[in-house]
Amino acid sequence: MDYASPGGTDTSTDLDVDKINPAFEQGHAGALTPSDSRDKPNGKQGQKTLRRLAQNREAARRSRLRKKAYVQQLESSNLKLAQLEQELQRARQQGFLVYTSGDQPHSANGNGALSFGVDYARWLEEHNKKIDELRAAVNAHAGDSDLQAIIDAIMARCDEIFRLKGAAAKADAFQVLSGTWTTPVERCFLWLGGFQPSELLKLLASRLEPLTEKQLDSICVLQRSSQQAEDALSREMEALRQSVVETVAVSASSSLCRAAGPSGDYTGQTVAKLATLEILLRQADDLRLRILQEVQRILTTRQCARALLAISDYFSRLRSLSSLWIARPSTEMN
């Protein structure tokens, strides 16, 4: 068998690659390329697709807006909650009794009285700012007109706190009487849910020297008048307590004799008597406000400024003493 020499060329068996490749590529490309009729959708299907895409984009946009609004609402709620927690924390640090949801009394009218503690803490913070402003004005030897403007603002705030306290007493007089909105040390010196005006006048008489003879006489007359009004209210309060005790005692004795539960008659009478407590608290606050206004009338503008500073310092010391008492190290019983 003859074999071709390595250097020869076999023209009978070799394919013409240059001729085949273009044809092959053209046919292959034609086989792989889809037809134009299948690549382009008809007009109705195209419009439906565009509408669906537009709807999807609009729905996505609305969803992003709702999510953004929800996040902003959460951030706003968290900010309000943080502010409320700060107010409650300041109230606790100052010794105020702040109820939590677990120890709130189940009373239909209790919300107004309990919220007064938070209102008072907020009021006290603003009141202290005004007192600091008044102290700075006094130290700077400000004019009487400037001092009077600050004094009027402080007296207006005193009127506001008495109004809030009256609303709280109407909701639950016992909460106001017990002074849960004050510090523990302040509660030891409460008289009918607040300070005793005659004791305050004694403080001012010793702190505002020198006073003119006319001013001293006016303060002495005001002190006697206040003491008489306080004694009258204290007697009414004691009479109310005694009346309630007697009513409850008589009812308990009658129930034992009948071997039955307590009668509904005495409960209605007792509740009606206890309603008098709100009136006594309102009269006591009216007396406190009247005494403050009379003191302002008796004193000069600069003396009145010093009086407000002295009153504020007195109650501030009581609150500081209460904080020291709360923070005292506990002693173990042997």
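**View 1. Helices α8 and α11 are roughly parallel, because their axes cross at roughly 25°.** Angles under 35 degrees count as roughly parallel, over 145 as roughly antiparallel, 65 to 115 as roughly perpendicular and the rest as oblique. The model is predicted: local features need pLDDT of at least 70 and side-chain atom pairs pLDDT 80 or more, while totals for chains, interfaces and linings use all residues. Residues are numbered from 1 along each chain as its sequence is written, and side-chain values use heavy atoms, with hydrogens and water left out. Helix α8 spans residues 197-207 and helix α11 residues 276-298; their axes come within 10 Å. Helices (H or I, at least four residues) are DSSP runs, numbered from the N terminus. Axes are lines fitted to C-alpha atoms over the stretch in contact, and angles run from 0 to 180 degrees between N-to-C directions. The crossing of α8 with α11 is right-handed. A crossing is right-handed if the near helix is turned clockwise from the far one by less than a right angle, and left-handed if anticlockwise. From α8, Pro197, Leu200, Leu201 and Leu204 meet Leu287, Arg288, Ile291, Leu292 and Val295 of α11 (contact: heavy atoms within 4.5 Å). This contact has eight nonpolar, no polar and one charged residues. Ala, Val, Leu, Ile, Met, Phe, Trp, Tyr, Cys and Pro count as nonpolar, Asp, Glu, Lys and Arg as charged, and the others, Gly among them, as polar.

**View 2. Helix α8 also packs on helix α12, with axes that come within 10 Å and cross at roughly 120°.** That angle makes α8 oblique to α12. The crossing is right-handed. Leu200, Leu203, Leu204 and Arg207 supply the α8 side. Their partners in α12 are Arg306, Ala307, Ala310, Ile311, Tyr314, Phe315 and Arg317. By class, the contact holds eight nonpolar, no polar and three charged residues.

**View 3. Helices α5 and α12 pack at an angle of about 45°.** Helix α5 covers residues 144-171 and helix α12 residues 301-326, with axes 9 Å apart. The two helices are therefore oblique to each other. Their crossing is left-handed. Asp144, Leu147, Gln148, Ile151, Ile154 and Met155 in α5 meet Thr301, Arg302, Cys304, Ala305 and Leu308 in α12. Seven nonpolar, two polar and two charged residues make up this contact.

**View 4. One cavity of 30 Å³ or more is present in the structure.** On a 1 Å grid over the protein atoms alone, a cavity is a set of points where a 1.4 Å probe fits but cannot get out; lining residues have an atom within 4 Å of a point. Grid points are joined across faces, edges and corners, and a volume is the space filled by probe spheres set on the points. The largest cavity has a volume of about 50 Å³. Its lining consists of Met155, Leu204, Leu292, Val295, Gln296, Cys304, Ala307, Leu308 and Ile311. Helix α12 gives the most, with four residues. The lining has eight nonpolar, one polar and no charged residues.

**View 5. The largest pocket holds about 670 Å³ of space.** A pocket is an open set of points with protein on both sides within 12 Å along at least five of seven lines. Its lining counts 33 residues; Tyr120, Glu186, Phe195, Ile311 and Phe315 lie nearest the centre. Two or more lining residues come from each of α4 (110-139), α5, α8, α11 and α12. By class, the lining has 21 nonpolar, seven polar and five charged residues.
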